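Welcome, and thanks for taking a look at this protein. Here is a short briefing to read alongside the sequence and the 3D view.

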Amino acid sequence: MRSERELLAAYAVRYQGDWKKISRAIASKEPVPVYEGKDPYLTIADEEYPSCLRRLRFPPWVLFYAGNPELLNDPAVTIIGSRDMHAYGKQMTVLSASILAERYVLVSGLAKGVDGIVHRTALARGGHTIGVIGCGINISYPRCNLDLYRRMSEDQLILSEYPRDTMPEAWHFPWRNRILAALGEAVVVTEAKRTSGTMHTVNEAISLSREVWCVPYPFGAVEGEGCNLLISEGANLLVNEDSLRDLAHGGKDMRLAENCGSVV
């Protein structure tokens, strides 16, 4: 008899990671061929499955991965922001990632812009990083991060709830963002317009009682309106480099959530 984890992986492949369809298949005990893929995976039935993801309203049934899953046991911070990054946003992303990589695994979405800078900075500083993607684990998207994808799949970690060969779809990315929010003990936003995918991640982080930290922007800077809006609504303000260092070293004013960890 197949194990629960094998069934979940098989459902994930049949329905290309579609959460609702997998849920219906589980409820109806739908017959399904054995999963014969070569990508390693974690399922919600596994003890090693990250406990922080279990607290999501819709926890991923399956996480396919490439790289080192042990990184899921280490303290992490999620850093996110715009794909169309400006000079100030890049500067603040490099600064934030450089300091936070001293203590935390840095989590981001392996997209262009802020995400790519987060991962690259973590690697350049000798730190560790996790990328959560919205397509099959064997698909490098966007192509501008192909070198980064190859490096991270060797000794860092790439996660996806979508099985091999699943192409990126627009709706995958806001759905993916709930995983980004859950994996980090806090979420740092270095650049965001008023309407952007970044705001989806922040909303999920708030629902999980994660701390949200934002870089402030000058009056009238459209590229930072989202950051300023979040600050006006109660997000923590990254005042200067010292506030980042306090966050990196667990300062007394940094009320971070518990480590993600695994259920052991």
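## Salt bridges and other landmarks

The count comes to nine salt bridges, a salt bridge being a side-chain nitrogen of Lys or Arg within 4 Å of a carboxyl oxygen of Asp or Glu. This is a predicted model, in which local features need pLDDT of at least 70 and side-chain atom pairs count only at pLDDT 80 or more, while totals for chains, interfaces and linings use all residues. Residues are numbered from 1 along each chain as its sequence is written, and side-chain values use heavy atoms, with hydrogens and water left out.

Two terms come up throughout:

- Helices (H or I, at least four residues) and strands (E, at least two) are DSSP runs, numbered from the N terminus.
- Buried means under 20% relative accessible area, exposed means over 50%, and partly exposed lies in between (1.4 Å probe, protein chains only).

**Salt bridges between parts of the chain**

- Arg 178 and Glu 161 meet through their side chains in a salt bridge of 2.7 Å, N to O.
- Arg 178 lies in helix H7 (residues 172–183) and Glu 161 in the loop between strand S6 (157–160) and H7, so this pair ties together parts that are 17 residues apart in sequence.
- Both Arg 178 and Glu 161 are buried.
- Another salt bridge pairs Arg 194 with Glu 225, where the closest N and O atoms are 4.0 Å apart.
- That pair links distant parts of the chain, 31 residues apart: Arg 194 is in the loop between strand S7 (186–191) and helix H8 (197–207), and Glu 225 is in helix H9 (residues 225–232).
- Arg 194 is partly exposed, with a relative accessible area of 47%, and Glu 225 is partly exposed too, at 30%.

**A salt bridge within a helix**

- Glu 241 and Arg 245 form a salt bridge, and their closest N and O atoms are 3.2 Å apart.
- These two residues are separated by about one helical turn, because they sit four residues apart in helix H10 (residues 241–248).
- Glu 241 counts as partly exposed at 39% relative accessibility, and Arg 245 counts as partly exposed at 32%.
- Glu 102 joins the picture as well: Glu 102, Glu 241 and Arg 245 are linked in a network of salt bridges.

**Charged patches on the surface**

- Patches are made of residues with over 30% relative accessible area and no salt bridge, with like charges joined within 9 Å and nonpolar side chains (Val, Leu, Ile, Met, Phe, Trp, Tyr) joined within 5 Å.
- Lys and Arg count as positive and Asp and Glu as negative, while His and the chain ends are not counted.
- Lys 20, Lys 21, Arg 24 and Arg 57 form a positive surface patch.
- Glu 47, Glu 48, Glu 70 and Asp 74 form a negative surface patch.
- Here Glu 70 lies in the loop between strand S2 (62–67) and strand S3 (76–81), and Glu 70 is exposed, with a relative accessible area of 52%.

**Cysteines**

- How many disulfides are there? The count comes to zero, a disulfide being a pair of cysteine sulfur atoms within 2.5 Å.
- Cys 135 is in no disulfide, and the nearest cysteine sulfur, that of Cys 144, is 12 Å away.
- Is Cys 135 buried or exposed? Cys 135 counts as buried, because its relative accessibility is 1%.
- Cys 144 is partly exposed, with a relative accessible area of 47%.

**Backbone details**

- A cis peptide bond, with omega about 0°, joins Tyr 141 and Pro 142.
- Pro 142 is found in the loop between strand S5 (129–132) and helix H6 (146–155).
- Asp 165 is not a glycine, yet Asp 165 has a positive phi of about 75°; its place is the loop between S6 and H7.
- Ser 209, also a residue other than glycine, has a positive phi near 60°.
- Ser 209 lies in the loop between H8 and strand S8 (211–214) and counts as exposed at 61% relative accessibility.

**A contact across the sequence**

- Glu 154 and Ala 66 are 88 residues apart in sequence and 7.2 Å apart in space, C-alpha to C-alpha.
- Glu 154 lies in helix H6 and is exposed, with a relative accessible area of 63%.

Terms used: Areas by Shrake-Rupley, 256 points an atom, 1.4 Å probe, with all protein chains shown as cover. Charge placed at Lys NZ, Arg CZ, Asp CG, Glu CD.
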